[in-house]
Amino acid sequence: AIMQREYEEFKVRINVLVAESQKKPEEGWVLQDGTPWPGNNTDNHPGMIQVCLGSAGAVDIEGKSLPRLVYVSREKCSGYQHHNKAGAMNSLLRVSAVLSNAPFVLNLDCDQYINNSKAIREAMCFLMDPLLGKKTAYVQFPRRFDGIDDSDRYANHNSVFYDINMKCLDGIQGPVYVGTGCVFNRQALYGYKPPTEKRQKTGFSCCCCCSDDSRSELDFEEIDDVFEDSDEQEKSSFMSLKVFEKKFGESPVFIASALMEDGGLPKGTNTQILVKEAIHVISIGYEEKTEWGKEIGWLYGSTTEDILTGFNMHCRGWKSVYCMPERAAFKGSAPINLSDRLHQVLKWASGSTEIFFSGYCPLWYGYSGKLKWLQRLAYTNHVVYPFSSIPLLVYCMIPAICLLTGKFILPTLTSLASIWLMALFISIILTCVLELRWSKVNIQDWWRNEQFWVIGGVSAHLFAVFQGLLKVAGLDTNFTVRTKSADNAAFGQLHVFKWTTLLIPPTSIVILNMVGIVAGVSEAINSGYNSWGLLFGKVFFSFWVIVHLYPFLKGLMGRQNRTPIIVVLWATLLALIFSMIWVRIDVFLPKKTGPVLSQCGIEC
């Protein structure tokens with residue numbers, strides 16, 4: 001009871017702070033000394049760092065040092081490319097290296113929280129393993145979500161990916177990096193290859209001495225002594241400060257920290273100098289003419305920087321680990337209405353197409369590294385899957401076209417071809433059953449995943465392909481989202497309707513198949529009893545398409561099961577077009593020649 005009361009009081013205080021922070025003064029935020037806060041202009045401000053906890057040697061009730069809590073805002077300037085999340089993560093990586101230089105880094109999105117206090121310890125069991133820890137780039141945890149409706153209408157839990165695919169990859173070279181819920185080995189982020197047995201025995205470190213008047217300098221003679229047993233190429237790379245500046249940037253303090261394999265700060269460092277250096281490494285020009293975003297840190301060039309970064313690590317020979325504790329390590333929020341979910345999928349698919357058209361495509365990148373062939377195949381699948389939307393769109397339209405033209409979807413098969421077709425279907429079904437039994441994913445989650453794969457495939461994936469092609473041609477596109485209705489009840493966001501161009505293809509497919517079913521039934525009525533058997537076969541495939549798109553239809557209807565006016569107008573237009581094609585134009589059927597008319601006199 002006491003804990004519950006304290007929690008409720010704490011929640012009230014947090015809500016009050018959130019409400020106050022949302023009321024931005026017209027003149028902007030002001031600091032305690034009366035000066036304007038530099039971050040009032042979010043697009044143009046200097047770099048800012050505030051050590052909120054840990055600067056005065058704070059300790060817990062047992063006298064142990066508390067972790068540092070540091071607020072970081074990198075420098076922003078109009079006209080510069082800041083690289084979104086990947087650029088922010090690289091700035092944080094450099095600041096943490098200068099101020100604390102812990103050997104491991106936890107990456108967690110702002111909309112997630114720690115749900116299992118022992119999760120970090122479980123990650124350390126892998127990263128500090130005496131045999132495999134030095135070769136492990138990161139430990140990835142599955143993404144889990146709160147606030148999802150019980151039926152998981154739009155497959156937000158993504159159970160097939162996190163509970164089947166990722167577990168399978170764990171048996172090859174490790175799971176892909178999914179952008180959050182991941183603990184990194186800092187050395188893997190610096191572009192290093194995993195250490196060999198010789199290097200693990202030798203080890204290396206580097207010290208720097210800071211003074212108030214000048215930046216630290218590296219003692220390369222000591223580095224030379226440490227690496228006297230290493231090969232000549234590796235030895236020469238550590239002999240030139242210019243090489244490190246070209247790779248890491250012009251910060252001797254950061255370079256010194258990057259060479260410390262086990263982390264930690266050099267003895268005798270000055271805190272004020274470190275903060276000053278931390279400001280320097282988040283300046284807008286720091287990454288120019290360096291390898292940041294190319295070979296070091298989070299890579300640039302795609303909105304899905306996570307796939308790109310993990311792929312580059314695996315190409316160097318690093319391994320990753322998938323950790324699934326019984327209690328979810330981290331939880332977060334997810335978009336639960338149809339339009340927002342489709343735009344989330346569009347972002348992921350667009351990132352995959354960007355990688356496909358870039359120099360980092362798994363089809364041709366990294367063959368000189370140590371990427372396993374099955375791992376390459378998995379990454380290739382992550383890059384090319386949006387292109388499956390094209391045949392999927394065709395397959396969803398063929399049943400309706402067959403109903404409109406009077407033809408059957410399957411050609412007449414020989415006995416041998418029928419056996420092969422049945423064997424193919426049986427093998428697919430058995431594979432699904434084995435995956436479900438092995439992974440313990442229930443049939444409802446699997447079916448929701450299948451449904452949303454079709455919904456996303458004919459909408460977000462399709463648009464991502466065209467976006468990628470237009471981007472290659474030098475054109476940029478943007479799809480707007482317009483809110484039409486809202487609801488404040490539980491799971492109210494689930495029933496919010498936001499019009500977006502992504503809704504056009506699946507809506508068209510549903511209408512086309514419905515018109516096809518009506519046309520097929522009317523044709524069967526006119527043709528007599530013998531045509532009904534063939535009709536049921538045709539209708540089955542159209543019905544199967546509509547069943548897969550059922551969650552999409554629920555999203556269009558909203559809570560009151562009222563179809564938005566724009567959808568009604570679109571449906572009416574398409575129905576008229578397809579009806580005209582079927583009744584009058586008849587473009588799919590061969591033309592029949594009429595009887596030859598001739599004069600026959602009274603014998604006609």
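UniProt, in an unreviewed entry, lists residues 383–404, 416–439, 451–475, 496–520, 532–553 and 565–585 under "transmembrane region". The structure shown here is a predicted model. The protein chain has 604 residues, and 43% of them count as buried. Its secondary structure comes to 22 helices and 11 strands.

**Listed transmembrane spans**

- Two of the spans in the UniProt record, 383–404 and 416–439, are taken up here.
- Residues 383–404 are 82% helix and 0% strand.
- Residues 416–439 are 100% helix and 0% strand. Here the end C-alpha atoms lie 35 Å apart.

**Whole chain**

- The protein chain exposes about 34100 Å². Carbon and sulfur atoms supply 60% of that area.
- Take the contacts in the chain with a separation of 6 or more: 76% of them join residues 24 or more positions apart.

**The four-stranded sheet**

- An open sheet of 4 strands runs in the order β3-β7-β5-β8, and its pairing is mixed.
- The edge strands are β3 (104–107) and β8 (319–322), each of which pairs on one side only.
- From one strand to the next, the twist averages 20°.
- Helix α12 (residues 305–315) packs on this sheet and touches β5, β7 and β8. The direction of α12 makes about 140° with that of β5.
- Strands of a sheet pair through backbone hydrogen bonds, in either a parallel or an antiparallel sense.
- β5 (residues 136–140) and β7 (residues 182–185) are antiparallel, with 3 bridges between them. Tyr 138 stands opposite Phe 184 of β7.
- β3 and β7 also pair in the antiparallel sense, over 4 bridges. Phe 104 has Asn 185 in β7 as its bridge partner.
- Side chains alternate along β3. Val 105 and Asn 107 point to one face and are buried.

**His 382 in helix α14**

- His 382 sits in helix α14 (residues 373–384).
- The relative accessible area of His 382 is 15%, so this residue counts as buried; the cut-off is under 20%.
- Leaving aside neighbours within four places in sequence, His 382 is in contact with Phe 161, Leu 169, Val 176, Ile 307 and Ser 352.
- One of these partners, Ile 307, falls within the residue range of α12, 305–315.

- Lys 370 lies in the loop between α13 (338–356) and α14.
- With a relative accessible area of 60%, Lys 370 is exposed.
- Lys 370 still has contacts beyond four places in sequence: Gln 173, His 314, Cys 315, Arg 316 and Gly 317.
- Lys 370 and Trp 318 are 52 residues apart in sequence. In space, their C-alpha atoms are 8.3 Å apart.

**Positive phi outside glycine**

- Lys 289 is not a glycine, yet its phi is positive, at about 60°.
- Lys 289 is in the loop between α11 (271–281) and α12. Its relative accessible area is 78%, so Lys 289 counts as exposed.
- Lys 440 likewise has a positive phi, near 65°, in a residue other than glycine.
- Lys 440 is found in the loop between α16 (415–439) and α17 (443–457). Lys 440 counts as exposed because its relative accessibility is 76%.

**Cysteines**

- A disulfide is a covalent bond between the sulfur atoms of two cysteines.
- The count for this model is 0 disulfides, with sulfur atoms within 2.5 Å as the rule.
- For Cys 125, the closest cysteine sulfur belongs to Cys 323. The distance is 8.2 Å, which means the two sulfurs are too far apart for a bond.
- Cys 125 is exposed, with a relative accessible area of 53%.
- Cys 77 is partly exposed, at 23% relative accessibility.

Methods: Residues are numbered from 1 along each chain as its sequence is written. This is a predicted model: local features need pLDDT of at least 70, side-chain atom pairs count only at pLDDT 80 or more; totals for chains, interfaces and linings use all residues. Side-chain values use heavy atoms; hydrogens and water are left out. Two strands pair if DSSP finds at least two bridges between them. Helices (H or I, at least four residues) and strands (E, at least two) are DSSP runs, numbered from the N terminus. Axes are lines fitted to C-alpha atoms, for helices over the stretch in contact, and angles run from 0 to 180 degrees between N-to-C directions. Contact means heavy atoms within 4.5 Å. Buried means under 20% relative accessible area, exposed over 50%, partly exposed in between (1.4 Å probe, protein chains only). Accessible areas come from the Shrake-Rupley method with a 1.4 Å probe; for residues, only the protein chains shown count as cover. UniProt positions are given in the numbering used here, feature names are shortened, and annotations may be inferred rather than shown by experiment.
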